[in-house]
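Thanks for making time this morning.

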Amino acid sequence: MASVLKVRPRSAKEIENIASEVIKSFQPDALKMLMSFDVEDFFEFELKDKTDVEPDTKDYPEGIDGCTDFEEMKCYISRRLMEHRDCQVTRRRLRATQAHEIGHCFLHVEDARHSREFQQKFLNDNHSSLEIYNPDDLKAYENPEWQAWRFASALLMPEHCIKRAIECNWKEKWIKDTFDVNPSFIYVRMRELKISRPLRKGQ
Ligand SMILES: [Zn+2]
């Protein structure tokens, strides 16, 4: 079982608010209209400026899409994803990965930077930043992976925007094309927001 690192607990609401602030600073229209957030440009051109974490690519085996290394202050995306982004499914997976890693940068870098203990752990464990815990022992809100995924959902599909689309009875295809995400990402978002209404299928 993979270990995860314990970080400062954050509520879903707090994470949603941080994601909203990021959208507001870079692409405020994405909070007002139903549209995709340009996460690729944010990752490439804004991340370093906003968080001091430098974006980069790296060769990873299948199954690893990205990694944020707080010791190096670098955020790596799998080269395989970048090279195959002409495929729509891969590009949407890339977008979700970038959003997730941006989440780590906004949510966890400050913790690492302000705690000598965290930094020590980094130096010892390379990719590890904080204490290593078994995921089963963590409540979701303390789990950095849960936090980063929640951030990614909120960044690519702001709560009131996805709710509006569903209230308007949008089809799954319209939602995925508008927010530029894969269907699994939509269903995760709906579970997070406790939306049980089934989506219409078809073109
Ligand atoms: Zn992660």
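Leaving aside its neighbours within four places in sequence, alanine 152 is in contact with Ala96, Ala99, His100 and Gly103, where contact means that the C-beta atoms, placed from the backbone, lie within 7 Å. Please keep in mind that this is a predicted model, in which local features need pLDDT of at least 70 and side-chain atom pairs count only at pLDDT 80 or more, while totals for chains, interfaces and linings use all residues. Residues are numbered from 1 along each chain as its sequence is written.

Ala152 is also among the residues with the most contacts inside the largest nonpolar core, which has 38 residues; such a core is a set of buried Ala, Val, Leu, Ile, Met, Phe, Trp, Tyr and Cys residues joined through C-beta atoms within 7 Å. Several elements each supply at least two residues of this core, including α5 (88–114), α7 (144–156) and β4 (74–78), with helices (H or I, at least four residues) and strands (E, at least two) taken as DSSP runs numbered from the N terminus.

In the loop between β5 (132–133) and α7 we find asparagine 143, which counts as buried because 21 other C-beta atoms lie within 10 Å, the cut-off for buried being 20 or more. Asparagine 143 lies 8.9 Å from arginine 10, C-alpha to C-alpha, although the two are 133 residues apart in sequence.

Turning to the sheet, three strands form an open, mixed arrangement in the order β2-β4-β3, where pairing requires that DSSP finds at least two bridges between two strands. β3 and β4 pair in the antiparallel sense over four bridges, and cysteine 67 has tyrosine 76 in β4 as its bridge partner.

Conventions:
A residue is buried if 20 or more other C-beta atoms lie within 10 Å of its own, exposed if 12 or fewer, and partly exposed in between; C-beta atoms are placed from the backbone. Two residues are in contact if their C-beta atoms, placed from the backbone, lie within 7 Å.
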